[in-house]
Amino acid sequence: MADRTPLIAGNWKMNLEEWQAVELAGSIADGFKGTGVDVVLCPPFPWLVPVAAVLQGTPVALGAQDCSTETAGAYTGQVSPAMLNALCSYVIVGHSERRRDCCESNELVGQKANAALAAGLTPIACVGEALDIRDAGQAISWVEEQVDAIASAVGAEGVARIVIAYEPIWAIGTGRSATPDDAEDVVAAIRARVSATNATAGAQLRILYGGSANAENAAAYLATANIDGLLVGGASLKADSFLEIVSAAI
Ligand code: PGA
């Protein structure tokens with residue numbers, strides 16, 4: 001895996017009450033020794049402040065689940081990357097649930113990734129195909145188009161500083177994970193796509209897999225040549241299962 005530090009990110013989505021978020025973050029911080037892998041937790045917006053307080057002084061990083069393309073102004077309901085930067089070091093952009101529910105386009109996702117970088121955050125930019133695209137044999141070309149949009153928005157210098165998460169839509173929250181070989185095929189294609197124009201960035205870029213990743217299957221993904229970590233939804237909501245996934249990355 002070159003010398004890329006593995007990254008395990010927990011995407012809590014729109015789950016947990018405040019006390020549960022605080023308790024979960026505390027248990028994960030207690031159980032993580034802090035070396036060999038980067039760990040980031042992404043709670044819902046209102047719990048960023050209390051979770052940041054729990055994580056302060058620990059090696060567990062904080063991330064948000066979305067950000068605006070804008071810095072400040074009349075954008076009701078949006079949160080700027082500059083505001084997040086006071087609390088977070090990462091932000092998920094372009095999750096398939098936002099592409100689906102909020103009509104986020106490839107172009108917008110690229111702009112969000114670029115805005116996040118400009119504000120000093122590391123974007124975790126999500127890509128992935130729906131089942132009909134996979135069944136039509138177009139998974140790789142679909143994902144390459146999504147990656148191209150992100151890479152062109154962040155530019156040659158930015159692409160080495162982002163994280164890409166490959167999350168096949170049909171595997172998210174379904175219990176039907178991609179096989180490690182299938183995931184590795186697409187992740188290798190993503191790396192090759194970036195490397196074709198920027199070999200250094202392609203070698204440095206961290207690429208995660210996400211979609212029904214759990215304590216049982218984590219090690220198999222992490223043993224592949226190109227998958228550098230996992231974006232974990234359901235299995236990140238319990239400290240034990242999340243910490244087992246973290247251990248598999250060390
Ligand atoms: P899941 O979600 O692990 O519950 O499939 C992953 C994600 O959507 O990031």
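Because the model is predicted, local features need pLDDT of at least 70 and side-chain atom pairs count only at pLDDT 80 or more, while totals for chains, interfaces and linings use all residues. Residues are numbered from 1 along each chain as its sequence is written, and side-chain values use heavy atoms, with hydrogens and water left out.

Reader: Which residues around the ligand come nearest, and how many residues are around the ligand?
Author: A residue counts as near if one of its heavy atoms lies within 4 Å of the molecule. By class, this shell has four nonpolar, seven polar and two charged residues. The nearest are Lys 13, His 95, Glu 167, Gly 173 and Ser 212, and the residues around the ligand number 13.

Reader: How many Å lie between an oxygen atom of the ligand and a polar backbone atom of Gly 234?
Author: A polar contact is a pair of N or O atoms within 3.5 Å. An N or O atom in the side chain of Lys 13 is 2.7 Å from a ligand oxygen, and for the side chain of Glu 167 the distance is also 2.7 Å. For the polar backbone atom of Gly 234, the distance to a ligand oxygen is 2.9 Å.

Reader: Which pocket is the space taken by the ligand?
Author: On a 1 Å grid over the protein atoms alone, a pocket is an open set of points with protein on both sides within 12 Å along at least five of seven lines, and lining residues have an atom within 4 Å of a point. A molecule sits in a pocket if more than half of its atoms lie within 2 Å of its grid points. The space taken by the ligand is the second largest pocket.

Reader: How much space lies in the largest cavity?
Author: A cavity is a set of grid points where a 1.4 Å probe fits but cannot get out, and the structure holds one cavity of 30 Å³ or more. Residues lining the largest cavity include Arg 99, Gln 146 and Glu 167. The space in the largest cavity is about 40 Å³.

Terms used
A polar contact is a pair of N or O atoms within 3.5 Å; within protein, one must be able to donate a hydrogen and the other to accept it, and residues adjacent in sequence count only if both atoms are side-chain atoms. Ala, Val, Leu, Ile, Met, Phe, Trp, Tyr, Cys and Pro count as nonpolar, Asp, Glu, Lys and Arg as charged, and the others, Gly among them, as polar. Grid points are joined across faces, edges and corners, and a volume is the space filled by probe spheres set on the points.
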